[in-house]
Amino acid sequence: FFWERQENQTFAGMLAYWNQERKKNWSKQTLNTYLRNLSAKGLVGRRKTIGKTQYFPMMTEIQYLQREAEEVLRESYDGKLGNFVRSEERRVGKEC
């Protein structure tokens, strides 16, 4: 969402987006929970300005994808790309 918009977002703007454009029917509490979870993961920051709070991405989409790929390697393949490649070779070999 934040990467598509390319600008800081207000809470009201995000609520309108999710409910009107995405047809989610989110309550304020649901959006608060969503933003809190994104913030806890270091994905979204917020800045208070006069009268409203602005939300913004803490990293680019490429940085996020790199972080997720590194996490998969670390958790599933002892952090080694070679282990992942060998696993895929075995999987592909079984399919043939």
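View A. With a relative accessibility of 8%, F2 falls in the buried class (under 20% relative accessible area is buried, over 50% is exposed, and partly exposed is in between, with a 1.4 Å probe and protein chains only). F1 counts as buried too, at 14%. This is a predicted model, where local features need pLDDT of at least 70, side-chain atom pairs count only at pLDDT 80 or more, and totals for chains, interfaces and linings use all residues. Residues are numbered from 1 along each chain as its sequence is written, and side-chain values use heavy atoms, with hydrogens and water left out. The structure holds 9 aromatic pairs. The F1 and F2 rings make an edge-to-face pair, because their centres are 5.1 Å apart and their planes sit at 80 degrees. For the record, rings of Phe, Tyr and Trp (its six-membered ring) pair if their centres lie within 6.5 Å; planes under 30 degrees apart are stacked, over 60 edge-to-face, and the rest tilted.

View B. What kind of aromatic pair do F1 and Y17 form? A tilted one, with 4.5 Å from centre to centre and 50 degrees between the planes. The pair ties together distant parts of the chain, 16 residues apart: F1 belongs to the segment before α1 (2–5), and Y17 to helix α2 (residues 11–21). Helices here are DSSP runs (H or I, at least four residues), as are strands (E, at least two), numbered from the N terminus. Y17 is buried, with 6% relative accessibility.

**View C. The largest nonpolar core.** This core has 15 residues, and those with the most contacts inside it are F2, M14, W18, L31, L35, V44 and Y55. A nonpolar core means a set of buried Ala, Val, Leu, Ile, Met, Phe, Trp, Tyr and Cys residues joined through side-chain atoms within 4.5 Å. Helices α2 and α3 (28–40) each supply at least two residues of the core. Which helix gives the most? That's α2, with 5 residues. In soluble globular proteins, nonpolar side chains tend to be buried together.

View D. Searching the whole structure turns up 2 salt bridges, each being a side-chain nitrogen of Lys or Arg within 4 Å of a carboxyl oxygen of Asp or Glu. One of them joins the side chains of E21 and R5, at 3.2 Å from N to O. Here, too, distant parts of the chain are linked: E21 is in helix α2 and R5 in helix α1, 16 residues apart. E21 is exposed at 53% relative accessibility, while R5 is partly exposed at 29%.

View E. E88 pairs up with R91, and their closest N and O atoms are 2.8 Å apart. Both residues lie in helix α5, 3 residues apart, which is about one turn of the helix.

**View F. A nonpolar patch on the surface.** L81, F84 and V85 make up this patch, and together they have about 250 Å² of accessible area. Patches are made of residues with over 30% relative accessible area and no salt bridge, with like charges joined within 9 Å and nonpolar side chains (Val, Leu, Ile, Met, Phe, Trp, Tyr) within 5 Å. Areas come from the Shrake-Rupley method with a 1.4 Å probe, and for residues only the protein chains shown count as cover. V85 is found in helix α5 (residues 81–95) and is partly exposed, at 38% relative accessibility.

**View G. R47 over the ring of F56.** R47 lies over the face of F56, 4.4 Å from the ring centre. To qualify, NZ of Lys or CZ of Arg has to be within 6 Å of the ring centre and within 35 degrees of the ring normal.

View H. K23 is exposed, with 66% relative accessible area, and N25 is exposed at 70%.
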